[in-house]
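Dear colleague,

Please find below the structure that I am handing over to you. My notes on it follow directly after.

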Amino acid sequence: MVGQLSAEGICGCFANMAVSSSCNYAIGADGRIGLCVEEKDRSWCSSNAANDHRAITIECASDRTHPYAINDKVYKSLVNLCADICRRNGIKELKWRADKSLIGQPDKQNMTVHRWFANKACPGDYIYNRLGQIAKEVNAKLGAGPGVAGRTKIAGAAQATVDQMKAYIKEKNPDAAQSVFKMIPLYISEGAAEGIRGDVVFAQSCLETGNFTFKGSAVTLDQNNFCGMGVTGAA
């Protein structure tokens with residue numbers, strides 16, 4: 001997206017039906033992410049129906065002149081968003097060879113760019129020349145790259161899975177609120193995005209709450225408080 005727009009600004013550009021274009025995600029200049037078109041629906045982004053139907057497309061706020069650079073906040077959000085998309089869609093690894101002839105062969109290359117389907121410079125050279133590095137950083141978060149073992153293991157112990165954490169909580173407290181279980185996948189996914197142990201962070205949150213998950217204190221339960229965050233309504 002040529003211009004240092006906000007996420008709302010990018011999405012707003014596509015709100016006009018006459019524009020006849022869109023994207024799934026928009027990353028604004030401050031790094032915030034907007035959803036323009038749900039992943040289950042086709043965006044009108046790459047000038048190619050076949051590609052749009054199988055791709056999740058992203059627009060990033062950039063400079064208005066060559067090489068159309070994006071700032072560090074946008075870059076970080078792009079990496080985190082791609083990692084999140086991969087996790088939710090069962091994509092084990094991002095693959096980039098800068099080879100147009102591999103379109104439609106996701107086992108060899110599962111990233112595409114607009115410039116392959118139309119006479120466009122999209123993405124600008126700043127992003128295009130860094131797609132290999134972006135794939136590498138995303139794969140590190142997914143556990144497909146080098147050096148990830150240190151993030152997913154502590155003192156040789158493998159990170160607990162969501163199911164293992166749920167089973168442990170149910171064993172300790174069969175009456176634990178469903179809202180607690182719903183938070184576990186969030187801790188795991190956000191932890192992976194930041195390169196930290198989500199299960200350890202969740203356990204620490206339980207401790208800081210006064211052991212809310214495993215019975216809890218009266219104050220904690222009465223005030224629907226988890227990890228120091230007061231909310232209204234039922235726990």
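Is the crossing of H3 and H5 right-handed or left-handed? The crossing of H3 and H5 is right-handed; a crossing is called left-handed if the near helix is turned anticlockwise from the far one by less than a right angle, and right-handed if clockwise.

Before the details, a note on the basis of these findings. This is a predicted model, in which local features need pLDDT of at least 70 and side-chain atom pairs count only at pLDDT 80 or more, while totals for chains, interfaces and linings use all residues. Residues are numbered from 1 along each chain as its sequence is written, and side-chain values use heavy atoms, with hydrogens and water left out. Helices (H or I, at least four residues) and strands (E, at least two) are DSSP runs, numbered from the N terminus.

Helix packing

Two packed helices are described by the angle between their axes and the distance between the axes. Axes are lines fitted to C-alpha atoms, for helices over the stretch in contact, and angles run from 0 to 180 degrees between N-to-C directions.

The axes of H3 and H5 cross at roughly 55° and come within 9 Å. H3 is therefore oblique to H5 (angles under 35 degrees count as roughly parallel, over 145 as roughly antiparallel, 65 to 115 as roughly perpendicular and the rest as oblique). The contact (heavy atoms within 4.5 Å) involves residues of H3 including Tyr 75, Leu 78 and Arg 87, and residues of H5 including Gln 133, Ile 134 and Leu 142. By class, the contact of H3 with H5 has 9 nonpolar, 2 polar and 3 charged residues. Here Ala, Val, Leu, Ile, Met, Phe, Trp, Tyr, Cys and Pro count as nonpolar, Asp, Glu, Lys and Arg as charged, and the others, Gly among them, as polar.

Helix H3 (residues 72-88) also packs with helix H8 (residues 178-194), at an angle of about 135° and with the axes 10 Å apart. That angle makes H3 oblique to H8. Lys 76, Asn 80 and Arg 87 of H3 make the contact with Ser 189, Ala 192, Ala 193 and Glu 194 of H8. This contact of H3 with H8 has 2 nonpolar, 2 polar and 3 charged residues.

Helix H7 (residues 162-172) packs with H8 at an angle of about 150°, with axes 10 Å apart, and H7 passes H8 in a right-handed crossing. On the H7 side are Val 162, Met 165, Lys 166, Ile 169 and Lys 170, which meet Val 180, Phe 181, Ile 184, Pro 185 and Ile 188 in H8. The contact of H7 with H8 has 8 nonpolar, no polar and 2 charged residues.

Backbone features

Most residues other than glycine have a negative phi, and most peptide bonds are trans. A cis peptide bond joins His 66 and Pro 67, with omega about 10°. Pro 67 is in the loop between E3 and H3, and Tyr 68 is also placed in the loop between E3 and H3. Tyr 68, a residue other than glycine, has a positive phi near 60°. A cis peptide bond also joins Cys 122 and Pro 123, where omega is about -5°. Ser 47 is not a glycine, yet has a positive phi of about 65°; Ser 47 is found in the loop between strand E2 (33-35) and H2.

Yours sincerely
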